[in-house]
Amino acid sequence: MGSAPLLHIDNLTVKFTTADGAVDAVSDLSLHISPGECLGVVGESGSGKSQTFMAALGLLAANGSARGRALFHGDDLLTLGDNELNAIRGDKVAMIFQDPMTSLTPHMTVGRQLSEVLIHHRGVSAARAREESLVMLKRVRVPDPERRLAMYPHELSGGLRQRVMIAMALLCGPELIIADEPTTALDVTVQAQILDLLREVKDTLHTAVVLITHDLGVIAGLADRVAVMYAGRIVEMGDVRQVFADPRHPYTRGLLACTPRMDAAVTGALFTIPGQPPNLEHLPAGCAFAPRCASVLDACRNDRPALRGLGGGRFKACIRDDLAHAS
Amino acid sequence: MGPYFARRVVIAIPTLWAIITVCFFLMRLAPGGPFDAQAPVPQEILVNLRARYHLDQSLAVQYLDYLGNLARGDFGPSFKYKDFTVTELIAQGLPVSAQNGLCALLLAVVLGIPAGIFAAIRQNSFRDHAVMGLAMTGIVIPTFVTGHLFILIFGVWLRDTMFHLPAGTWNGGAWPNRILPAMCLALPFIVTIARITRGSMIEALRANHIRTARAKGLPFRLVVTRHALKTALIPVVTYLGPATALLLTGSMVIETVFQLPGIGRYFVQGALNRDYTLVMGVTIISAVAVIATNLLVDVLYGFLDPRVRYD
């Protein structure tokens with residue numbers, strides 16, 4: 001970690017108040033993103049991967065609250081006022097959402113939705129904003145961009161809408177893009193195109209990217225580092241090649257075993273991790289993964305393992321050190 | 001869009017015909033007749049009266065005559081207001097009712113929508129409950145009570161202050177005379193619009209694209225007005241269609257309380273007096289208003305949501 005981190009999340013806890021009581025969607029989570037790097041955040045639905053970053057950007061639902069710190073260039077995003085936060089959102093930190101079908105405003109033209117970002121953050125004229133929007137649409141390879149500016153979102157395909165979302169995120173030249181499941185709602189072929197585009201953005205603009213996904217294949221193709229989340233906590237984190245080649249946490253190991261590989265022998269049934277992700281309202285006292293873990297010890301059920309460094313920028317939250325190399 | 005609306009206007013003709021037909025025969029089914037309410041008249045006079053208004057002919061002939069006259073724009077003579085035709089009565093009363101209704105409509109929209117938005121963006125806070133509680137009070141008090149209360153307050157108690165307002169009469173449409181009836185007519189509509197707006201705005205603010213707009217760093221005020229309002233207004237516009245028709249065709253209660261020479265009172269008086277032609281006249285005016293406002297609502301849908309297709 002040579003350079004100072006761009007975003008440093010420190011002891012973040014995200015709590016939701018529901019009719020059934022309070023639920024910690026994210027517990028005591030710390031991570032950082034350096035300038036220009038791509039951090040993959042992987043986990044099942046409900047593991048808290050999206051809410052971590054929603055909380056950092058002040059986008060939690062009304063019943064959610066965040067504790068801890070989220071330092072961006074030294075400013076704690078969690079304590080900033082609305083105006084200061086709005087000056088950062090969409091300008092220095094941009095977000096791309098999962099569902100391009102519903103994430104654009106249906107009653108505004110693509111051109112207006114793009115332009116308003118520049119008009120708001122840069123104070124440019126409408127004509128100038130339109131011009132820059134056009135350039136950005138060309139850059140993300142939207143065909144026939146001039147015509148698209150006058151179109152409404154429902155007149156575009158899912159892939160094109162996601163390109164518009166990406167163009168919108170890039171307009172102000174952000175230092176950090178948070179992409180929340182950017183390819184999940186898309187066809188497989190379109191997924192590949194969008195991932196190529198994100199890779200190009202990362203490589204040419206040196207923008208830091210947080211890639212939130214449940215798809216390990218997406219992480220492998222794009223991320224420098226990966227954080228694996230389970231039940232609101234990071235269970236393993238480190239360099240993506242190292243983690244994938246030599247996973248140290250039983251959950252990571254299970255996830256990787258679940259992923260079908262082109263180069264592996266076809267042996268019939270796919271591997272699955274037994275059991276279900278835990279209900280966050282009733283977490284076990286010890287390790288949240290213990291009930292599903294093949295390598296579980298008695299101690300796992302009593303004490304929650306802390307995330308500890310393994311050297312070389314690797315971390316894991318598991319008390320077992322004797323696990324053999326993944327087979 | 002053009003052909004769609006041309007078709008809608010054409011479809012309106014059989015709709016109107018059906019309303020006229022049903023109304024015509026329902027009126028005749030009701031017991032009694034236009035001349036029963038008065039002191040009994042000699043048999044010869046009654047025969048003459050019935051002949052004068054063609055009531056001695058068969059119902060079918062009367063019906064066809066009525067349709068024929070209507071096609072020429074003649075609503076026929078009033079049975080009760082004997083010196084007037086129904087056309088004259090409507091021509092005198094409708095402008096008063098429509099102007100008062102229009103003022104009330106403007107008040108309802110201008111006050112109801114912002115109140116609803118205000119409550120929605122402070123959902124479940126004290127201010128939300130305060131606004132909505134006040135609104136509930138507005139809707140549970142009947143118009144004939146609020147009307148008299150307004151008269152008591154602004155017409156009597158504040159008589160010697162600058163807030164004094166005339167307690168009634170149209171006075172040729174003088175502005176001070178218009179305020180109380182318009183306020184009173186608008187009150188339940190303000191409340192309903194506020195409640196609909198609150199609900200639909202809360203719903204609209206939950207949409208995914210609102211999260212996108214917030215993530216873009218737009219101030220919340222812009223997120224609400226630019227990205228959520230149009231979606232939130234769709235249910236309001238749906239309600240405003242029939243509400244506008246209702247407001248423009250006058251209110252019996254308001255026109256009685258404030259002594260306005262509108263057509264609202266004809267709905268009730270006409271029916272009580274078995275004034276067949278007058279009831280038909282005001283019913284047709286209402287029907288046309290409902291059909292026209294519904295058409296207008298459909299145009300507004302297209303403006304609020306570009307995904308609406310007219311074909």
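**Exercise 1. Which residues are buried in helix α11 (residues 264-272) of chain B, and what do they pack against?**

Solution. Step 1: the buried residues of α11(B) are B:Gly264, B:Arg265, B:Tyr266, B:Phe267 and B:Gly270. A residue is buried if 20 or more other C-beta atoms lie within 10 Å of its own, exposed if 12 or fewer, and partly exposed in between, with C-beta atoms placed from the backbone. Helices (H or I, at least four residues) and strands (E, at least two) are DSSP runs, numbered from the N terminus.

Step 2: these residues pack against α4 (86-121), α10 (252-257) and α12 (276-304) of chain B. Two residues are in contact if their C-beta atoms, placed from the backbone, lie within 7 Å.

Step 3: after α11(B) comes B:Arg274, with a positive phi near 55 degrees.

The model is predicted: local features need pLDDT of at least 70, side-chain atom pairs count only at pLDDT 80 or more, and totals for chains, interfaces and linings use all residues. Residues are numbered from 1 along each chain as its sequence is written, while chains are lettered from A and ligands numbered from 1 in the order in which they are written.

**Exercise 2. Describe chain B as a whole.**

Solution. Step 1: chain B contains 12 helices and zero strands.

Step 2: along the principal axes, the C-alpha atoms of chain B fill a box of roughly 85 × 60 × 30 Å.

Step 3: 35% of the 311 residues of chain B count as buried. Of the contacts in chain B with a separation of 6 or more, 73% are between residues 24 or more positions apart.

Step 4: the average pLDDT (the predictor's confidence in each residue, from 0 to 100) of chain B is 90, and 99% of the residues score at least 70. For the model, ipTM is 0.89 and pTM is 0.86.

**Exercise 3. Which residues of helix α4 (residues 126-139) of chain A are buried, and why are they on the same side?**

Solution. Step 1: α4(A) has 14 residues and reaches 20 Å from its first C-alpha to its last, close to the 20 Å expected at 1.5 Å a residue. The expected span is 1.5 Å times one less than the number of residues.

Step 2: A:Ala129, A:Ser133, A:Met136 and A:Leu137 are the buried residues of α4(A). They lie on the same side of α4(A) because they cover an arc of only 100 degrees around the axis. The arc is that of the directions from the helix axis to the C-beta atoms.

Step 3: A:Ala127 and A:Val135, on the other side of α4(A), are exposed.

Step 4: the buried residues of α4(A) pack against α3 (110-122), α5 (145-149) and α6 (158-170) of chain A. Just after α4(A), A:Arg141 has a positive phi of about 60 degrees.

**Exercise 4. How many residues does each chain bring to the contact between chain A and chain B?**

Solution. Step 1: chain B brings 20 residues and chain A 24 residues.

Step 2: on the side of chain B that touches chain A, α8 (208-215) and α9 (220-248) each supply at least two residues. The largest share, seven residues, comes from α8(B).

Step 3: this side of chain B divides into eight nonpolar, six polar and six charged residues. Ala, Val, Leu, Ile, Met, Phe, Trp, Tyr, Cys and Pro count as nonpolar, Asp, Glu, Lys and Arg as charged, and the others, Gly among them, as polar.
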